[in-house]
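Please look over the sequence and the structure below. The briefing that follows goes through some of their parts by topic.

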Amino acid sequence: MTRVRESAILDVPIDEVWRWVRDFNSHVHWHPAIARSEIEAGMPPDAVGAVRAFTLQDGGFLREQLLTLDDDARELSYCLLEAPIPLDDYVATIRLLPVTDADATFWQWESEFNPPPDRARELASLVADDIYRAGMRGLERHLQSRAGAPGVHRVARPAEDTRPERPAPVERPRDVEPAGLHPPRAASGSHLTGQAVVMARHGGPEVLRLEEVDVPPPGPGEVRLRQSHVGVNFIDVYCRTGYFDLVTPPGVPGMEAAGVVESVGPGVTHLAAGDRVAYACPPTGAYASVRTMGADLVVRIPDWLGTPQAAAGLMKGVTAGFLLHDVHRVQRDDCVVVHAAAGGVGSLLTQWASALGANVIATVSDERKARVAEANGAHTVVIGRGQDFVDTVRQRTGGRGADVVYDAIGRDSFDASFAALALRGHLVSFGQASGDIGAREIGPMSSKSLTLSRPNYGHYILDREMMTMQAERLFDALDRGFVTIPEPRLEPLDAVAQVHADLEAGRTIGAIVLET
Amino acid sequence: MTRVYVSSVIPAPAATVWRRVRDFNALPQWTSFVAESRIEQNLPSDKVGCIRNFTLNDGGRIREQLLALSDYDMSCTYAILESPMGVENYVAKLTLTPVTDGNVTFAQWQADFDCAPGREQALTEQIGGGVFQAAFAALKASFGGR
């Protein structure tokens with residue numbers, strides 16, 4: 001038996017939600033998957049035993065029968081009679097409960113069914129996401145778009161700026177808001193003016209110009225932020241030069257910032273105006289004092305964490321976290337090699353792995369960085385990544401080799417990393433600072449049964465659940481003192497061109513944060 | 001029998017909120033109106049049957065007995081043995097439910113009790129507003145909510 005349970009808070013009073021949910025023929029008005037709905041045999045749509053016939057948007061056909069309807073408990077259940085996918089013995093229950101202190105509604109939608117075993121996971125996620133979650137949000141949107149109609153009362157939102165709208169001098173990057181994806185914006189809230197670093201075209205640091213921009217109010221699922229601090233990452237340089245095709249000119253680069261929530265759009269329940277927050281995720285657009293973006297990957301930051309630190313360390317910290325826990329699960333007494341152990345992610349990896357009880361062997365390029373790696377908790381520090389390094393790893397592990405090597409150096413370290421691994425060791429290649437690794441044979445990996453991973457940051461923060469988990473793990477590690485984020489160097493937003501030039505020339509030490 | 005029901009949304013994952021509230025002796029840590037609390041006879045605070053003996057900020061003393069505790073449902077049921085409120089047969093239940101879309105927590109607190117005729121309204125307000133809602137507000141604030 002597979003069980004699916006989804007729940008949501010709808011920013012709509014419970015009686016209004018129930019009035020729609022209890023109508024067994026109403027899905028067609030609010031559920032995005034349903035194209036046509038009909039109650040068979042002319043029965044009333046709230047008669048227990050009534051059968052509804054659905055035609056889906058994709059042309060599929062299904063029939064469902066109402067089994068119970070309880071107005072007192074605001075609960076109903078129904079089963080599938082016929083469906084285009086194998087959900088045998090499917091019985092679902094919807095239950096509403098009031099949120100008494102917000103005039104909102106808790107909606108729980110659950111079911112049990114017997115799928116073919118090899119499709120259980122796929123079908124469970126289809127039911128959870130495409131039917132339940134999409135349906136709950138669909139009805140919320142439907143009711144909020146009717147706001148103003150009798151019986152619908154929106155929960156009061158924070159007061160918004162009421163300056164008149166002005167034409168936007170800069171289009172938001174296309175990937176922030178694909179045309180036609182959003183329903184018309186709610187009339188609440190108005191545009192705000194802010195400053196943003198706009199990249200007029202791909203090129204050198206001189207293409208970055210500070211401009212006044214017009215920032216629209218948040219739409220459904222969006223949040224508008226006043227960003228006091230913006231993190232600068234090397235990927236921003238790649239975006240500027242066009243090496244990565246992530247910003248289409250004219251556009252705003254940047255993927256990491258921290259500040260305060262100014263207002264939230266409909267359907268956003270995990271954030272509220274005034275929350276101190278940060279994010280480290282695509283789409284680009286972080287180089288700005290005010291920004292509207294999808295709220296899912298924006299996380300609240302703990303009181304004890306400074307806003308500049310959050311802007312400097314969220315992306316690097318989350319990276320270190322998933323490398324040590326998800327890509328490879330580092331255990332006590334594992335031998336862990338960290339290359340470039342004095343760098344941004346390398347420092348955090350070294351600190352965190354050593355806090356996890358691993359035996360950390362660090363590599364660096366010079367004496368000064370060796371002292372940084374030692375301060376980060378490395379048990380052994382090697383300068384350089386040649387045969388000395390491989391010999392040291394063998395010696396420190398009784399000839400066994402390393403369990404995992406974290407390698408962001410790429411071309412210059414790949415072979416040494418390979419040689420330093422133990423049987424069944426794991427090479428985690430997460431960057432290529434020295435250049436492209438190029439094509440490699442996988443055959444030689446069998447000589448030690450090695451595993452190779454090439455993780456991508458974006459795949460470990462795919463949705464709010466993953467992002468929240470990653471951020472909470474980082475905050476917990478900071479709180480326990482497993483890792484520390486050093487004070488970043490602060491520069492004004494209009495110094496961004498110089499900052500990029502310094503970064504490209506390797507003239508910077510530690511993280512740089514732009515102050516807006 | 002009079003029923004009080006209060007519910008709220010706590011901006012943190014249910015497992016996190018549950019860690020805070022499942023300790024039957026932790027009221028001083030997460031509410032604003034309890035000055036001190038102890039478990040009688042030195043029993044563990046998650047042993048069903050244990051009695052918490054706590055003092056309110058205004059000096060009132062209350063003894064409550066843990067009737068049920070479920071880590072599976074994330075719920076806790078208890079009865080009042082002794083209090084200055086003038087309630088009889090008072091049984092309350094606190095339940096947390098995960099909200100999957102948003103990874104926050106739906107929290108419900110309900111109490112059923114008997115009292116002298118005419119006092120229902122005052123007690124409903126005192127328990128629902130002064131105790132349950134006040135505790136939820138403190139819990140929300142502690143997780144960074146409004």
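**Briefing**

In chain A, helix 11 is followed by Gly506(A), which has a positive phi near 70°. Helices (H or I, at least four residues) and strands (E, at least two) are DSSP runs, numbered from the N terminus. The model is predicted: local features need pLDDT of at least 70, side-chain atom pairs count only at pLDDT 80 or more, and totals for chains, interfaces and linings use all residues. Residues are numbered from 1 along each chain as its sequence is written, while chains are lettered from A and ligands numbered from 1 in the order in which they are written.

**Helices of chain A**

- Val496(A), Val499(A) and His500(A) are buried in helix 11 (residues 496-504) of chain A; buried means that 20 or more other C-beta atoms, placed from the backbone, lie within 10 Å of the residue's own.
- The buried residues of helix 11 of chain A line one face of the helix, because they fall within an arc of 100° seen down its axis; the arc is that of the directions from the helix axis to the C-beta atoms.
- Among the elements covering these buried residues of helix 11 are strand 8 (192-199), helix 4 (234-241) and strand 22 (512-515) of chain A.
- The axes of helix 5 (residues 307-327) and helix 10 (residues 464-479) of chain A cross at roughly 95° and come within 9 Å; axes are lines fitted to C-alpha atoms, for helices over the stretch in contact, and angles run from 0 to 180 degrees between N-to-C directions.
- Helix 5 of chain A is therefore roughly perpendicular to helix 10 of chain A (65 to 115 degrees).

**Sheet of chain B**

- In chain B, 7 strands form an open antiparallel sheet in the order 1-7-6-5-4-3-2; two strands pair if DSSP finds at least two bridges between them.
- Strand 1 and strand 2 (34-39) of chain B are at the edges with a single partner strand each, so one side of each has no neighbour in the sheet.
- Strand 3 (residues 51-56) and strand 4 (residues 61-70) of chain B run antiparallel and are joined by 5 bridges.
- Arg52(B) stands opposite Glu64(B), which is in strand 4 of chain B.

**Contact between the chains**

- In chain B, 21 residues are in contact with 21 residues of chain A; contact means that the C-beta atoms of two residues, placed from the backbone, lie within 7 Å.
- Strand 1 of chain B gives the largest share of the side of chain B that touches chain A, 5 residues.

Conventions. Parallel < 35°, antiparallel > 145°, perpendicular 65-115°, else oblique. Buried ≥ 20, exposed ≤ 12 C-beta atoms within 10 Å, placed from the backbone.
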